[in-house]
Amino acid sequence: MPNMILGGLTFNRNPTKMTMIIPDKHCAYEKTYSSVAFFSWGTSIVGKELELEWTNMRSSDFDSLDTMFRADAEVNFNPQAGTGKTYTVNIVSLDGAYQRILGSAVGVWRSDVKMILLVMAEV
Amino acid sequence: MALQLDPTLAWAQDQKSRHPRVEIKSREKVADIPFDGQALTLESYSEFSPALLAHSSGRLILAYYYGPDALGKGGIKFVYTDTSRLEFLQGHTDQFPNPAASYTFGGISMCELTGGNIGVVYGFYIASYYYLWRRIITPTGVNVSAAEIANFYYNGNEVNTYPTVVTLGTNSYMMVYLRKTTDCLFYKRTSSNFTTWAAEAAVSVGGLTAANYKRNPSLTKLLNGNLWLWFDYTETLGVNNEELKNIYYSVSTDNGSTWSSAVKVTDYTEFTEVVKHPVAVQKTALEQTLMFTRTVGAINMNDAEAGWPTGADVTQICMDEPNGVAYLTCIFNSAGTKYLECVVKVKLSTWEVLDAWDTTTSPGFNIAYASSCWWHFDKGSRYLIPVTTNGLGMVSVLNGEADTITLYAFLDQPAYSVTKNINYTFPHTGYGINKTFIDFDNKRLWILLVSGYTWHTGIIVGYINLNEAGPSYTFNVIVNENVNHFTESELSGLGTAGYGTFEVHPDEDYIIISSGTYVSSFPGFLLIYTLDGNLYKEYKFSSYPDFPWRGICKFLFYDGKIWGSTQYQSLYGQGDMRGICEINIDQDLFIMHRPTYVAHDTYFYQEMPCLGTNGDMIWPDSGQGIAVYNAISETWTLWNNGNIGGMTPGAQEDHLCAAYWSEGEMILVGEGFTSSAWNGLVMFSVLYGAIQQTYYKEMYYSGSEWVFSDSSRMVLGFRDDEMVGAVDPSDSSSLYAFWKRKESTGVYSIIWDKEGSIFDLSPYLVNGEEVVCNRTIEQKPSTLSFTVSHGHLFDPFNPYSLLSTILKKGRKITLRWGELVGVSTYWQDGGSFYVTQAVLSFERGKYTNVQVECEDERTVWGQHEPITTEYYNDYPEVILKDILKDQVSMIEEDIDIPEFDNRTRIVAQWIETPIEEIINQICNRYGYYFRLSVSGKANTRKVSVNNAVDHVYSDLAAIMQYAPDDKYSDFVNRVVVTGQEQTFIEVQFAEERVKAIQGTVGWWGYKNDFTVNYSEDGSRRCIYPKLVVIESSTSIAFKLSGKIQESISFEDPAYHYCIVTVKAPNLTFLLLAGVAVFLLGSFIPDGVTGIALGFIASGVQGNTIPIGRIIEKVGIFLCMMVLGAVGNYQYEVWATPLGNVRRSIQSQADDTDAQATMGTVISKKFEDPFCYTTADCYNVAAYELMIAKAQRKRLNITKVAHLQDEEGDTIQLLHPYSRASIYMFITNLKRSMKPGKGGHFLDEIEGWVRS
């Protein structure tokens, strides 16, 4: 499976863990005296939060993500999930840690990178 | 009647799995067109010449000139929207290098280039050259390139470079512009990249005179590929080079290679009415909209206008500023009998007749007005317009808001079926109504009565309280100068020989009466009384030599002073006094202000002037124009057809009255003189110059040709020009429009608006927030509340948002509930509402939602001013419909009020009562409640626990909560209702003193008949008058001569008065007799006893007897007794008043079960003015008792929402424990939907259970 693309960035590595891209169902129910009432307002991918996590990530990828994060604009997201669908998303949060290992420069790797995307629309 | 749902929707309501939906839309309360518009920016400098493009991305691209700004700079600004057209974003600003003042900016035009960029062409003039430029920008307003295309040296002939550009096809563009040297010709240039342009080539359009001006070319490419070239064309020139213009177009079917002969689409025939700047927008293959500007010096209307009855001699104009309305009183003004033509109500912003009244309308003026009216007597205020007959003692007051006319009559006029209804009798027949004045704030009709009768002149001022319910009215006399205080010639200035004025200023405590005459030998005056009737100032030449000898004609009250027009008097040292007299009341100073625009002795300021703003006083000067005197700068300006082209039809200067519309900053002039060829209403602006209005024509393709509709107003204002438009990319039936408007500061602003303003808020509803609709029988507006996202866009104060108007206060909101069944959503109306509140706040880090609160239309009714209705004697449904139509402009189709059970005729008139209260009073009387139904119709439903069942819940599957609740109840088990019969009966009241009489009688004789009216106005009736003598003159002389007679000598058979006669005998004869005796005695000598009487012999002694003196003393005694016969008398007249009263009637309803259970009777009593019989009382009592009982059986339930259920329905459900059937009348229904996790769709119901 090809690597996923966010904005102009094709990730060197796909996330270690990622939320399934399936719609949320907006529903509720109320118990009545002798039955139950179920209310459904349908399903929608719009408004769903996608959590993407990387155990390790190259700092160049992280820096690109950080640039997009700071640009504070909607970007296109192609999860390469085999459905052919792409989405317009907002980067809600981006965080991670410096990975400092013996013999490695500070700037090369980031660890425990976690990013949350909010699906604004299905393209 | 219960709602009837769509069968599929009804089926879905009973399912366990529900897919509820809600739809909320926002729209204008009134039609979108004519636009009102909102400003694009808040800039203080000018913005003008907009160009608009609907880009294929969905964005709107706007370009316009601006400047000079604060730095003196100017240029072109580009603004674009996001692709969803939610907000305006600022793009490139093209600032020109020199000060903006050195440029003459031309037009701008844009087209979309292949690849998506925007091509811009524009023109400007500077330093003897006209320049033609092009520019390329991106759809987000980023500049790409710019360059000059051509320039033309200005050689004395006009060169017009205003360009228009269009995309012909892929990489193919064409611009057209105009140049005039000897001929005024179209030229075109083409380009394949918008960067390099071919040399210009003339465009040949047939059917036009080459040398004539053409201006403002505008290209439109239709969906079929045809090009339309629009322009305004000067057909002929007037003697002063005025231009007669019309709108034309030419069509090219070959991408601009050849063009058809010009086609004329407007037909203006006057030099004073100029059209220009045509722009067309194609909505569909079969529909275009043409927009253009119409410029006139002034606008006018007369009885040719729809809704205006025959007759347009406009003699009075009354402004109702808060409603933007003018009332025109039109009175026939030619030779012969004067009569009322009509009163016309004109909406100024739309320049249309809203309503009119004459002697044939309903309500209408009495037929007497068809032959008797006088034209300068009455001053109205706001929507209260008085109209006085001539000499018939009648004044009618039109309430233009309530649509009522009330007739007040001092005299019986049997010929016109008029009965005196004012409780006041003129002191003598010389009196008549001279002038009237409306004090709107205190709702008083002030009336000036004048008697000019030579031997009995007088002035009486009083008022009638307009809130007083008829059928009779009290005239409250404040001033009574009924004592020949004035000469006949002085008073002539108030009558037909004069132009006097009567005004009342309660805030100043002034009643002002002026007399000014056109008879040079008649003096005038100006009087100021206080409101308690004291004469404060009496200005006459005899007391104040600087006061104009001939008095004051019309006056204005401004800045605590009176500014009055005068008639010239060359004598009495006043030969230099001309024009307007400024009267300083505090200092008794008189200063003349003579007009500077023409040298006359007398200026024709005899007709109705008005105040403008900032010290402006507007005086119609017939023969000259409209003179404006500014009291601050002490300057005069004259406005007439000389400086306002086409100000009046036929350029006549016969102005009769003036008014000022402050919101529109316009002067209104009434034309109504006998000699005038044209009479009617004229409106113009002295602040903004010519009136510019944007008009439009719809164009429809019939299959063979384009058909044009009549021209209609596109914009509400009067200073709007250069409109451009673009079709909404997502809705071909609507368009966006941008134009320039001249502001009161003198600068131009870009204004925009949108046709088809219905906006669907549903996608913005916040998940997890409730949409709540409350409906109740409690005579309160239904409510709706919801929350939407994108607060920054819906913020009404965000000028850069295209959604800023969507949730503005007063915006109409429609609600629909629905259900998704399969792939289709089935809808049910949920009601119409108006935004009452939109709450949002911005906080860093928090998303801004908007909490929206709405109420149905009754919330607007509640803020109407209280109304006075006509006098009704009709059924309740009829009255309700009439009030809804008259007061809140509902149409018949929107009213669905069934015939009430147990209905009776209501006889009533409501005075100063809120609309809602009237409706509630009527409905409560018959046990109904008023509602605006879910479909928006006015409707009433019966309040009863015994109504038929509308909906049966056969199980408990939908019921979630069941809670009896009697907290609103009490222990009342008897209701007593009292009313009054409709007919009056005559009753006697306790005897009372009605009058005291006192005086003096004496020996000279006395007889006097005192007419004792039982009330001041002579209207009260009394019987059994009785004379009580408190003090009576008694003397021996009177007793000897037959006593004083004091008695009631006559009793009026109609019981209005009696006559007391006091009579004393004349004792003059006795006095003379006494004098005679005295004189006789003086001639009789003393006597001596024993000697003959009268002769005393010398030396004879005896006792002297003073016979003569004794006789003298008898005479003196007699005289003294007579002369002493003088004394006071004092009587009181007592009588028994008669009156008419309506008998009280009463009935009661008992809850005998509750009385037995409680062992006591607890009564509740109240009065109902609409109960005329005991049966009426019983019906109301039974209804109230039913409610009292029902409140003790109140129940709250919560259930799954069912769209059939409404307030006022009766539902049948099962008791959750016993399963017994319960019948519940729904009093309150709260329907709420909360979409999303933890959400719901519920009905929370309060109601009454049937016993």
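1. You will want it at hand, since what you are looking at is a predicted model. Among the elements of chain B, the highest mean pLDDT, 98, belongs to strand E57 (residues 771-776) of chain B, and the lowest, 68, to helix H7 (residues 1036-1041) of chain B.

2. For chain B overall, the average pLDDT is 91, and 97% of the residues score at least 70. As for the complex, the predictor gives an ipTM of 0.80 and a pTM of 0.77.

3. Next, have a look at the second largest pocket, which holds about 1900 Å³ of space. It is lined by 45 residues, and those closest to its centre are A:Val46, A:Met120, B:Pro763, B:Ser789 and B:His790. Sorted by class, the lining of the second largest pocket has 23 nonpolar, 12 polar and 10 charged residues.

4. Now to the helices of chain B. Helix H9 (residues 1107-1123) of chain B has 17 residues and reaches 24 Å from its first C-alpha to its last, close to the 24 Å expected. Its buried residues are B:Gly1108, B:Glu1112, B:Gly1115, B:Cys1119 and B:Val1122. Seen down the axis of H9(B), these fall within an arc of 85°, so they line one face of the helix. Turn to the other side of H9(B) and you will find B:Lys1113, B:Phe1117 and B:Met1120 exposed.

5. With 15 residues, H8(B) reaches 21 Å from first C-alpha to last, close to the expected 21 Å. Here B:Leu1071, B:Gly1074 and B:Gly1081 are the buried residues. They lie within an arc of 90° when seen down the axis of H8(B), and therefore line one face of the helix. On the other side of H8(B), B:Phe1069 and B:Leu1072 are exposed.

6. Finally, helix H6 (residues 915-926) of chain B has 12 residues and reaches 18 Å from its first C-alpha to its last, close to the 16 Å expected. Because nine of the 12 residues of H6(B) are buried, this helix is largely enclosed by the rest of the structure. Among the buried residues of H6(B) are B:Ile915, B:Glu916, B:Asn920, B:Cys923, B:Arg925 and B:Tyr926.

Conventions. Residues numbered from 1 in each chain as written. Chains lettered and ligands numbered in written order. Predicted model: local features only at pLDDT ≥ 70, side-chain atom pairs only at ≥ 80, totals over all residues. Heavy atoms only, no water. pLDDT = per-residue confidence, 0-100. Helix = DSSP H or I, 4+ residues; strand = E, 2+ residues; numbered from the N terminus. 1 Å grid on protein atoms, 1.4 Å probe; cavity = no way out; pocket = protein on both sides within 12 Å on 5 of 7 lines; lining within 4 Å. Points joined across faces, edges and corners; volume = space filled by probe spheres on them. Nonpolar A, V, L, I, M, F, W, Y, C, P; charged D, E, K, R; others polar. Expected span 1.5 Å × (residues − 1). Buried < 20%, exposed > 50% of the residue type's maximum accessible area, 1.4 Å probe, protein only. Arc of directions from axis to C-beta.
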